[in-house]
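Good morning, colleagues. Please keep the structure in view as I speak.

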Amino acid sequence: MPGSEEPERSGGLPALAEAAAKAHAALDPAHWDFFAGGAGEERTLRANEDAFACRRLVPRVLREVGEPDLAVDLLGEPLSMPVLIAPTAFHRLAHPGGEAATAVAAAAAATVMVVSMAATQPVEEIAATGAALWFQLYPQPDREFSDAVVRRAEAAGCRALVVTVDSPVFGRRERDRRNGFLDLPPGLACENMRDGTGRVRDVVMDPALGWAQVDRLRAVTGLPILLKGVLHPADARLAVEHGADALIVSNHGGRQLDGAVSTLDALPAVAAAVGGRIPVLVDGGIRRGSDVAIALALGASAVLVGRPVVWGLAAGGTDGVRAVLEALRADLRDVLTLAGAPRPGALTPDMVA
Ligand SMILES: Cc1cc2nc3c(=O)[nH]c(=O)nc-3n(C[C@H](O)[C@H](O)[C@H](O)COP(=O)(O)O)c2cc1C
Ligand SMILES: CCCCCCCCCCC(=O)C(=O)O
């Protein structure tokens, strides 16, 4: 039965669980499945949340924390908290306000929204909200077209390029197969895939993608380049050698290689391989303040959240996304206070068991 699964296994913070329940009720079941689902048996999807549930914080005491300061600076971007919005496709499928509605919430929260290449609104329209945007790219086999998309995003005001490297092919999403969900409904399109003729091209995954394409992108844009989807420490070292400005430890929310390691389990080795040379971010299964704190303690400079933002959007447009972000902020503030960390940088690996 499409969409028959529980909204989410734990749902995380009450505000996030509530958003997920509302989204589940509001969305077409096949669309719910597209957003909620993962690849294969969804082992990796589950592992992401489970990994956080297996860790415990070891708080420090008597540290005169007062009111913790959550602000961080990331690639020159001042953020009010170390929580960013991960790139997720098809926001107009969740809510008519689409990506622009999400961007308004990002701006209100003073954080970054990473716009998916598969956004259902033009990047210029999303940028008109005034939000701080980074642009996510699936490098296309048609390199000229791919470069044109990057230049377009840069011209629209996006401040960094997030290159997704975990998708040489599209993951095997059993729910979508079962539901026959193979395309966007009429009236919706990946608006940033329009070429010079106005035709919308398909987003194509490129199995031939290699480090040469990362080097090539360096010549195409002056924007900071983040590689999203790194899990192996050897790849983290290569990313530094190839001039990446930051890494995102990600398994695509369990939507690509089912059986891949959870992101939290991958994080410490990646952070050690990078050795502080560039920021390391992480996403996957982050549903409460303690998850954020654990990720930061184990080497992340910041985290990204995917599905909870989509649930907020489906549940209540901009207000729904704001509710999700503010719930995470309030919880993180409490967690830092209780853990004896006056700021995110005060969290250290010895504070996780
Ligand atoms: C519905 C959906 C669409 C996504 N679309 C993209 C995308 O277009 N590009 C991308 O790099 N990652 C995409 N992702 C992966 C997210 O950026 C992120 O890695 C993942 O959602 C994090 O896990 P979480 O949902 O548990 O927070 C998508 C994830 C979901 C759930
Ligand atoms: C259901 C239609 C599939 C069309 C593919 C478009 C690419 C979107 C990629 C979004 C994504 O990364 C995801 O995880 O989903």
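A polar side-chain atom of R173 lies 3.0 Å from an oxygen atom of ligand 2, a polar contact in the sense of a pair of N or O atoms within 3.5 Å, where within protein one must be able to donate a hydrogen and the other to accept it, and residues adjacent in sequence count only if both atoms are side-chain atoms. Taken alone, ligand 2 exposes 440 Å², and the protein buries 86% of that; these accessible areas come from the Shrake-Rupley method with a 1.4 Å probe, and for residues only the protein chains shown count as cover.

Before I continue, a word on the basis of these values. The model is predicted: local features need pLDDT of at least 70, side-chain atom pairs count only at pLDDT 80 or more, and totals for chains, interfaces and linings use all residues. Residues are numbered from 1 along each chain as its sequence is written, chains are lettered from A and ligands numbered from 1 in the order in which they are written, and side-chain values use heavy atoms, with hydrogens and water left out.

The side chain of Y138 places an N or O atom 2.3 Å from an oxygen of the ligand, and for a polar side-chain atom of H252 the distance to a ligand oxygen is 2.8 Å. The residues around ligand 2, meaning those with a heavy atom within 4 Å of it, include F34, F170, F181 and R255. By class, this shell holds eight nonpolar residues, one polar and three charged. Here Ala, Val, Leu, Ile, Met, Phe, Trp, Tyr, Cys and Pro count as nonpolar, Asp, Glu, Lys and Arg as charged, and the others, Gly among them, as polar.

How many residues surround ligand 1? There are 22, and the closest are P87, S116, T164, D283 and R287. They divide into seven nonpolar, 10 polar and five charged. T164 brings a polar side-chain atom to 2.7 Å from an oxygen atom of ligand 1. A polar backbone atom of G306 is 2.9 Å from a ligand 1 oxygen, and a polar side-chain atom of R307 is likewise 2.9 Å from an oxygen of ligand 1. Of the 600 Å² of accessible area that ligand 1 has on its own, the protein covers 98%.

E42 is found between α2 (29-36) and α3 (43-53). Is E42 buried or exposed? With a relative accessible area of 13%, E42 is buried; buried means under 20%, exposed over 50%, and partly exposed in between, with a 1.4 Å probe and protein chains only. A polar atom of the E42 side chain lies 2.8 Å from the backbone nitrogen of G38.

Most residues other than glycine have a negative phi. E64, in the loop between α3 and β1 (72-74), has a positive phi of about 55°. E64 counts as exposed, at 77% relative accessibility. F90 also has a positive phi, near 65°, and lies in the loop between β3 (83-85) and α4 (91-94). F90 is buried, with a relative accessible area of 14%.

Note on methods. Helices (H or I, at least four residues) and strands (E, at least two) are DSSP runs, numbered from the N terminus.
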